[in-house]
Amino acid sequence: MGYGLRCMSDTERAHIEVHRNQLLRLSTLTDVTYAVGLVLVIQWLPLPHESLAEGAVGIWALLAEFSQNVTATLIGLAFLIIYWLRSNSLLGAVDRTNWTHTVLSIASVACMLFLLY
């Protein structure tokens with residue numbers, strides 16, 4: 001236990017522990033939200049039955065026919081992964097959180113999900 005924690009009352013230590021647990025829950029919520037975003041972006045990829053070609057459809061023909069969908073999916077995946085890494089690095093530098101930080105973090109990931117549509 002650090003010197004700063006030894007000088008605190010039990011109530012102050014309890015508040016710090018609550019804020020640390022809140023940070024862990026916030027981190028989990030953020031990771032789950034980014035995972036949902038990744039699933040939504042992956043669903044932009046076309047399915048073989050959506051092709052206009054007759055008969056069997058090869059993967060290269062499908063990618064050529066839906067090249068805009070594939071490009072949008074790759075760009076979406078890149079942005080989501082970059083934002084997720086940024087979010088993890090920022091949350092990793094935080095020792096504990098408060099109500100304001102929690103609300104802003106949740107709003108940030110909610111806006112990220114809205115951008116997918």
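Analyst: Let's take α2 and its partner α4: their axes come within 9 Å and cross at roughly 175°. Axes here are lines fitted to C-alpha atoms, for helices over the stretch in contact, and angles run from 0 to 180 degrees between N-to-C directions. That makes α2 roughly antiparallel to α4, a label for angles over 145 degrees. Keep in mind that this is a predicted model, where local features need pLDDT of at least 70 and side-chain atom pairs count only at pLDDT 80 or more, while totals for chains, interfaces and linings use all residues. Residues are numbered from 1 along each chain as its sequence is written, and side-chain values use heavy atoms, with hydrogens and water left out.

What about α2 itself? Helix α2 covers residues 10-42, 33 residues in all; helices are DSSP runs (H or I, at least four residues), numbered from the N terminus. The expected span is 1.5 Å times one less than the number of residues.

Now for the meeting with α4. On the α2 side, the residues in contact (heavy atoms within 4.5 Å) include L23, L26, T30, Y34 and V41, and on the α4 side they include T73, L77, L80, W84 and L91. By class, this contact has twelve nonpolar, seven polar and two charged residues. Ala, Val, Leu, Ile, Met, Phe, Trp, Tyr, Cys and Pro count as nonpolar, Asp, Glu, Lys and Arg as charged, and the others, Gly among them, as polar.

Among the buried residues of α2 are I16, Q22, L23, Y34, L40 and V41, buried meaning under 20% relative accessible area (1.4 Å probe, protein chains only). Y34, L40 and V41 also belong to the largest nonpolar core, along with L77, L80, V109, M112 and L116. Such a core is a set of buried Ala, Val, Leu, Ile, Met, Phe, Trp, Tyr and Cys residues joined through side-chain atoms within 4.5 Å. Two or more residues each come from α2, α4 (67-92) and α5 (99-115), with α2 giving the most, three. Leaving aside neighbours within four places in sequence, V41 touches T73, G76, L77, L80 and L116.

T97 is buried, at 4% relative accessible area. Beyond its neighbours within four places in sequence, T97 contacts H19, Q22, L23, L26 and T102.

Methods:
Buried means under 20% relative accessible area, exposed over 50%, partly exposed in between (1.4 Å probe, protein chains only). Angles under 35 degrees count as roughly parallel, over 145 as roughly antiparallel, 65 to 115 as roughly perpendicular and the rest as oblique.
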